[in-house]
Structure formats: C-alpha cells, structure tokens
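Please read these notes with the model open beside you.

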Amino acid sequence: GAFAAVREDGSVITWGGDTWCGKLSDTSAAVQSKLTCGVQEVVSTRDAFAALKVDGSVVTWGNASLGGDSSAVEAQISSGVVQIAGSTSSFAAVKDDGLVVTWGKGSTGVNAVRAELA
C-alpha cells in the first residue's frame with residue numbers, strides 16, 4: 001500500500017506503494033503541481049487518494065477505477081467542497097450547498113447513492 005500525509009506547509013508527501021497505489025512520483029506533473037500547497041486533508045480508497053484543498057477543490061490520483069480519476073465529476077468538485085470521504089473503492093464529497101458528489105467504482109455504492117439523493 002501507499003501512504004500520504006499533509007505537511008505543515010499544506011503540501012502532500014507520499015511513500016510506499018506499488019504500481020496502483022498512487023505515490024506522487026508515479027503521477028503526472030499536473031497533479032503533483034496541485035499538491036505543493038493549500039491541502040488541508042487527504043483521504044484514500046484502497047488504491048487511490050483524494051486531497052481537499054483550502055479553496056474547496058479536490059485533487060485525485062492513483063488507480064483510476066478506484067477513484068483516482070475524477071474527470072467525470074471534475075466540474076462539480078472544482079470548488080465548494082467542504083468534506084471528503086473514501087471507502088474501499090470510491091469517494092464522496094460534500095459541497096457547501098449540501099450536494100453529495102460521488103465517483104469511483106460504481107458497484108460499491110456510487111450509483112446507489114446518486115439515485116437515492118437525486
């Protein structure tokens with residue numbers, strides 16, 4: 001597995017891991033540059049991470065099918081997020097207006113949550 005921590009200066013450091021687990025050294029420069037400051041929290045799934053930034057945006061990396069790819073909800077999590085949580089293979093973000101946004105592996109409840117909250 002891989003681990004992530006938020007430093008005092010708001011940057012993220014990762015260690016451990018293998019091909020799937022989301023070490024920052026294995027991610028794109030674009031993702032790495034978003035994690036150099038302003039991060040307040042990092043949560044994980046089994047093989048991916050999500051970072052909540054002080055500006056209310058969320059940055060994800062790691063195994064795409066387990067939440068590391070949030071491109072389908074990118075517009076929804078680019079601002080206004082106040083809390084994030086991770087399960088085994090999906091993430092949820094609570095926005096300041098109460099909206100809950102989910103992404104990751106649908107078989108673990110993502111689609112069910114969307115249907116219940118719609």
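1. Leaving out neighbours within four places in sequence, Ser79 is in contact with Asp55, Gly56, Ser57 and Lys95. Contact here means heavy atoms within 4.5 Å. Ser79 sits in the loop between E5 and E6, where helices (H or I, at least four residues) and strands (E, at least two) are DSSP runs numbered from the N terminus. Its C-alpha lies 7.7 Å from that of Val58, although the two residues are 21 apart in sequence.

2. The model is predicted, so local features need pLDDT of at least 70 and side-chain atom pairs count only at pLDDT 80 or more, while totals for chains, interfaces and linings use all residues. Residues are numbered from 1 along each chain as its sequence is written, and side-chain values use heavy atoms, with hydrogens and water left out.

3. The chain has two helices and eight strands. Along the sequence they follow the pattern β-β-α-β-β-β-β-β-β-α. Of the 118 residues, 39% count as buried. Among contacts with a separation of 6 or more, 39% are between residues 24 or more positions apart.

4. Strands E3, E4 and E5 form an open sheet in that order, with antiparallel pairing; two strands pair if DSSP finds at least two bridges between them. Strand E3 (39-44) and strand E5 (58-62) are at the edges with a single partner strand each, so one side of each has no neighbour in the sheet. From one strand to the next, the twist averages 20°. For such angles, axes are lines fitted to C-alpha atoms (for helices over the stretch in contact), and angles run from 0 to 180 degrees between N-to-C directions.

5. How many bridges pair E3 with E4? Five bridges do, and E3 and strand E4 (residues 48-53) run in the antiparallel sense. Ser44 stands opposite Phe49 in E4. As background, strands of a sheet pair through backbone hydrogen bonds, either parallel or antiparallel.

6. Thr45 belongs to the loop between E3 and E4. Its relative accessibility is 7%, so Thr45 counts as buried. Not counting residues up to four places away in sequence, Thr45 touches Leu66, Ser87, Thr88, Ser89, Ser90 and Phe91.

7. Another open sheet has three strands in the order E6-E7-E8, again with antiparallel pairing. E6 and strand E8 (100-104) are its edges; each has a single partner strand, so one side of each is left without a neighbour in the sheet. Neighbouring strands of this sheet are turned by 20° against each other on average, direction ignored.

8. Strand E6 (residues 81-86) and strand E7 (residues 90-95) run antiparallel and are joined by five bridges. E6 and E7 make a hairpin with three residues between them. Val81 stands opposite Lys95 in E7, and Lys95 is also one of the contacts of Ser79. E7 is joined to E8 by five bridges, also antiparallel. Phe91 stands opposite Trp103 in E8; Phe91 is among the residues that Thr45 touches.

9. Strand E1 (residues 2-6) and strand E2 (residues 12-16) run antiparallel, joined by five bridges. Phe3 stands opposite Trp15 in E2. The hairpin of E1 and E2 has five residues between the strands, and in it Gly10 takes a positive phi near 85°.

10. The largest pocket has a volume of about 300 Å³. On a 1 Å grid over the protein atoms alone, a pocket is an open set of points with protein on both sides within 12 Å along at least five of seven lines, whereas a cavity is a set where a 1.4 Å probe fits but cannot get out; lining residues have an atom within 4 Å of a point. Grid points are joined across faces, edges and corners, and the volume is the space filled by probe spheres set on the points.

11. Which residues lie nearest the centre of the largest pocket? Of its 16 lining residues, these are Lys34, Val58, Thr60, Ser70 and Glu74. E5 gives the largest share of the lining, five residues. Helix H1 (29-33) and E5 each supply at least two residues. By class, the lining has six nonpolar, seven polar and three charged residues. Ala, Val, Leu, Ile, Met, Phe, Trp, Tyr, Cys and Pro count as nonpolar, Asp, Glu, Lys and Arg as charged, and the others, including Gly, as polar.

Conventions. Buried means under 20% relative accessible area, exposed over 50%, partly exposed in between (1.4 Å probe, protein chains only).
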